[in-house]
Amino acid sequence: MQVKAYGAYASDKPLESMDIYRREPGAEDVQIDIQYCGICHSDLHQVRSEWEGTHYPCVPGHEIVGRVTAVGGNVSGFKVGDIVGVGCMVDSCQHCASCDEGLEQYCENGFTPTYNGATDDEPGHTLGGYSQKIVVSQKFVLKVNHPEDQLAAVAPLLCAGITTYSPLRHWNVGPGKKVGIVGIGGLGHMGVKIAHALGAHTVAFTTSEKKREAALELGADEVIVSKNEDEMAAHANSFDFILNTVAASHNLDAFTNLLKRDGTMTLVGVPEHAHPSPAIGNLIFKRRSIAGSLIGGIAETQEMLDFCAKHNIVADIELISAEKINEAYERMLKSDVKYRFVIDNATLAG
Ligand code: NAP
Ligand code: ZN
């Protein structure tokens, strides 16, 4: 079936309205009318080919929520009318060691991303959530239990929520731990809310003086403007864990210096240009680690959605119509959003 979407035909072209094709649902498939889709910084990196390897036309979007409109014959967990979500993955091999452990994001044969992944469907690569409908295998569909009037603000949980929840859980963030969240954008603001809900002493690091008060409202116990060296120095050797969500190349030493002995800084940002090499002495002399983390598995994504529903956590969003997407990208680059743009997909009809 043909549906309306918003995407780009080349890395140097703005996004525009286009018609795309969705397969008829197969036996295992769930067909979803997309109501809202968040705008992740990864969408911008990919559309502009900052990571290279982007296939065009590129329709981004992997923070998808909507209503089920059809299900295949073998689908048991979902029915027409259910409110559901789809995140960054729509398939994986289902038989490697990582998939067996529910870590589909680390599928050893490569998971299929929601956009820009290989598929048999036209045009040969997956197309994401800036579209009216999507058809996804039931294994990659999540149940949304939040109240329906919060749905637009639930969308960002599908990427920003799980990408922060997963490392916070993996590195055992909780009561008695001092935790830093670096970069208070889409991911970072979710990181602050989740670390706070997990019971950690949560410190927000921002380059934006104007976010100082706002970060406290998100649940941070303290806010540090990272450009201010004195403020940074006062926290040397004090953090158990730092989650770094920054989308641009920057000096990592300023943050590794703040870790305690045996502390870890986990990077989730994937900037276009590499970070300067970190000072290895900084790591060696206090047995500190720098690590990385990729989204989260499907079971953990459901766990995160349920955790957020229980703790009444949603994203802080600015809802926009489709024709504002290009403008939203420019504002995201200037860190001028509190804290996530979400598209009202009803506006795709034009
Ligand atoms: P975002 O909303 O643009 O937030 C990034 C934040 O980083 C900004 O709000 C800003 O926060 C800070 N920042 C920006 N430029 C900076 C600079 N030059 N120096 C220091 N800080 C800077 O982006 P996002 O959607 O949260 O995504 C963040 C990154 O994570 C992107 O690279 C994205 O591709 C990546 N990502 C990774 C995964 C994964 O699985 N690992 C998943 C999703 C996204 P302040 O204003 O507070 O300083
Ligand atoms: Zn994302």
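Predicted model: local features only at pLDDT ≥ 70, side-chain atom pairs only at ≥ 80, totals over all residues.
## Briefing on selected local features

Thr264 is a residue of strand β14, which spans residues 259-267.

**Strand β14 and its residues**

- Setting aside residues up to four places away in sequence, Thr264 is in touch with Trp171, Asp240, Phe241, Ile242, Leu259, Ser289 and Ala291.
- Asp262 is likewise placed in strand β14, and although Asp262 is not a glycine, its phi is positive, at about 70°.

**The crossing of helices α4 and α10**

- Helix α4 covers residues 160-170 and helix α10 covers residues 298-310, and their axes come within 10 Å of each other, crossing at roughly 100°.
- The two helices α4 and α10 are therefore roughly perpendicular to each other, because angles of 65 to 115 degrees are classed in this way.
- On the α4 side the meeting residues are Gly161, Ile162, Tyr165, Ser166 and Arg169, and on the α10 side they are Glu300, Thr301, Glu303, Met304 and Phe307.

**His235 and Glu222**

- His235 sits in the loop that runs between α7 (229-233) and β13 (239-244), and despite this loop position His235 counts as buried, with a relative accessibility of 10%.
- Beyond its neighbours within four places in sequence, His235 makes contact with Lys178, Glu222, Ile224 and Leu258.
- Glu222, one of these contacts of His235, belongs to strand β12, made up of residues 222-225, and at 26% relative accessibility Glu222 counts as partly exposed.
- When residues up to four places away in sequence are not counted, Glu222 touches His201, Thr202, Val203, Ala204, Leu216 and His235.
- The C-alpha atoms of His235 and Ala97, which are 138 residues apart along the chain, are separated by 40 Å.

**Backbone details in loops**

- Tyr56 and Pro57 are joined by a cis peptide bond with omega at about 0°, and Pro57 is found in the loop between α1 (41-47) and β4 (64-71).
- Glu122 and Pro123 are also joined by a cis peptide bond, again with omega at about 0°, and Pro123 is placed in the loop between β7 and β8, the latter covering residues 133-137.
- Arg287, which is not a glycine, has a positive phi of about 50°, and Arg287 lies in the loop between α9 (280-284) and β15 (289-292).
- At 57% relative accessibility Arg287 counts as exposed, because the cut-off for that class is over 50%.

Note on methods:
Residues numbered from 1 in each chain as written. Chains lettered and ligands numbered in written order. Heavy atoms only, no water. Axes fitted to C-alpha atoms, helices over the stretch in contact; angles between N-to-C directions. Helix = DSSP H or I, 4+ residues; strand = E, 2+ residues; numbered from the N terminus. Parallel < 35°, antiparallel > 145°, perpendicular 65-115°, else oblique. Contact = heavy atoms within 4.5 Å. Buried < 20%, exposed > 50% of the residue type's maximum accessible area, 1.4 Å probe, protein only.
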